[in-house]
2 protein chains.
Amino acid sequence: MDLNTVDVVLVRPARPANVAAACRALKNMGLSRLTLVGEPPIEIPPEARALAYGAWDVLDGARRVATLEEAVAGTTTVVGTTGRSTPGAQPARELAARASSLAAGGRLALVFGPEASGLTRRELGLCHHTVHIPTSPDHPSLNLAQAVLLLAYELRLAALASPANPSALGRRGGLATAGEVENAIGDLRTALLAIGYLNPASPEAILAELRQVLVRAAVTPREVTLLRGMARQIGWAADR
Amino acid sequence: MDLNTVDVVLVRPARPANVAAACRALKNMGLSRLTLVGEPPIEIPPEARALAYGAWDVLDGARRVATLEEAVAGTTTVVGTTGRSTPGAQPARELAARASSLAAGGRLALVFGPEASGLTRRELGLCHHTVHIPTSPDHPSLNLAQAVLLLAYELRLAALASPANPSALGRRGGLATAGEVENAIGDLRTALLAIGYLNPASPEAILAELRQVLVRAAVTPREVTLLRGMARQIGWAADR
């Protein structure tokens, strides 16, 4: 696990203090790439900046984008954090141990939702994997910066445990990026709506299931091209 | 590791906010016993108490003593934290894995020094073991509450990993059988031939690629049903 290949993404954080404290936590653990999602972008007033003590480079270097889609477009693997153990969510340690092979030589996005509500169902649908921190059921809720700290710590320890961890999937060639997979999902959406397979009132649930299949399969750019060609042909069949 | 046998000891903490945040971190990880060392005892004003949100029982139940000797008198094992890797200090994870056998049926004290200076040489001398958190050498210094969080997390995971606590790693449910996957591939073959996506002279190469995607994804019976429904709908679109 190369920690430089990890993008930490904070989606619509509400409290500047949490953003600043998260920067410090990242720096403590040797991570440095931060993306802040929000429109308008969150402002960090001077009194909150103080909490990023020594990690101002992380704060000032943070990328700012409007949507989660933009934030993760260049990554191969998107991991969303959930506040509780949702079905399929992996414990942080297990995820960290697999992070290197999941990223498969590309970039890994680690996505945190807003403090109060977490990631929306739609945003979780954009994630290829979900991860949770096994806190006490009596008092499960972690502060945002603490959740960032614990996951960064797990990634750091995974990195220390495997200094040079070449991609396990290298022989098949690179993975498709999240953006490429979304292009395929977008084409399938159009085509499957055209033939009446998807319910126009609520197409997202089925699309999320299809996305999960593609992500678990760790599809290649070649396979994305194949799926997009298939979607196009389905669309033509519908238009005849 | 029984988390109820751990006494967390904060020696002369300077900032009430850190004590309150440490209480919350302990509660998050299922620990509850806190001892505050200091003479006079540290006071926690109301604005700092807010940071112990939901963990006021830990804060209000904290034992207050004047010296580290008093704090650890009833424990069998005393572990001191150091800010850096001092000779003999064990990484947090290693220490946590051994904590249960170190405590040997008695109580274990986990001791944190003051924010600015850490434990004195004399206080470290009272510790049976020392532990450190492997932070980045570029930015090693953790906030007190964050150090408490990380060590409490390691102890919690060690407790969950011990035989008495079977891990609940709920899987996604059963995999589809190879026969079920072939049924889906057969339906897709029919549908994709009907819409002219597959070349009737040689459909197998593309179908083999699709099969590889499904097999790598380790699809479930539910996902096979979804794909077969999609194939059927594509066929209907072609027949109109």
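1. Helices (H or I, at least four residues) and strands (E, at least two) are DSSP runs, numbered from the N terminus. Helix H10 of chain A, residues 221-239, contains A:Arg228.

2. The model is predicted, and local features need pLDDT of at least 70, side-chain atom pairs count only at pLDDT 80 or more, while totals for chains, interfaces and linings use all residues. Residues are numbered from 1 along each chain as its sequence is written, chains are lettered from A and ligands numbered from 1 in the order in which they are written, and side-chain values use heavy atoms, with hydrogens and water left out.

3. Apart from neighbours within four places in sequence, A:Arg228 is in contact (heavy atoms within 4.5 Å) with A:Asn183, A:Ala184 and A:Asp187. A:Tyr53 lies 175 residues from A:Arg228 in sequence and 47 Å from it in space, C-alpha to C-alpha.

4. In chain B, helix H8 (residues 178-194) packs against helix H10 (residues 221-239) at an angle of about 15°, with the axes 8 Å apart. Axes are lines fitted to C-alpha atoms, for helices over the stretch in contact, and angles run from 0 to 180 degrees between N-to-C directions. H8(B) is therefore roughly parallel to H10(B); angles under 35 degrees count as roughly parallel, over 145 as roughly antiparallel, 65 to 115 as roughly perpendicular and the rest as oblique. Residues of this contact include B:Asp187 of H8(B) and B:Arg228 of H10(B). By class, the contact has 11 nonpolar, two polar and three charged residues. Ala, Val, Leu, Ile, Met, Phe, Trp, Tyr, Cys and Pro count as nonpolar, Asp, Glu, Lys and Arg as charged, and the others, Gly among them, as polar.

5. Helices H5 (residues 92-103) and H7 (residues 144-161) of chain B cross at roughly 45°, and their axes come within 8 Å. H5(B) and H7(B) are therefore oblique to each other. The contact of H5(B) with H7(B) has seven nonpolar, no polar and two charged residues.

6. Not counting residues up to four places away in sequence, B:Leu10 touches residues including B:Val19, B:Phe112 and B:Leu144.
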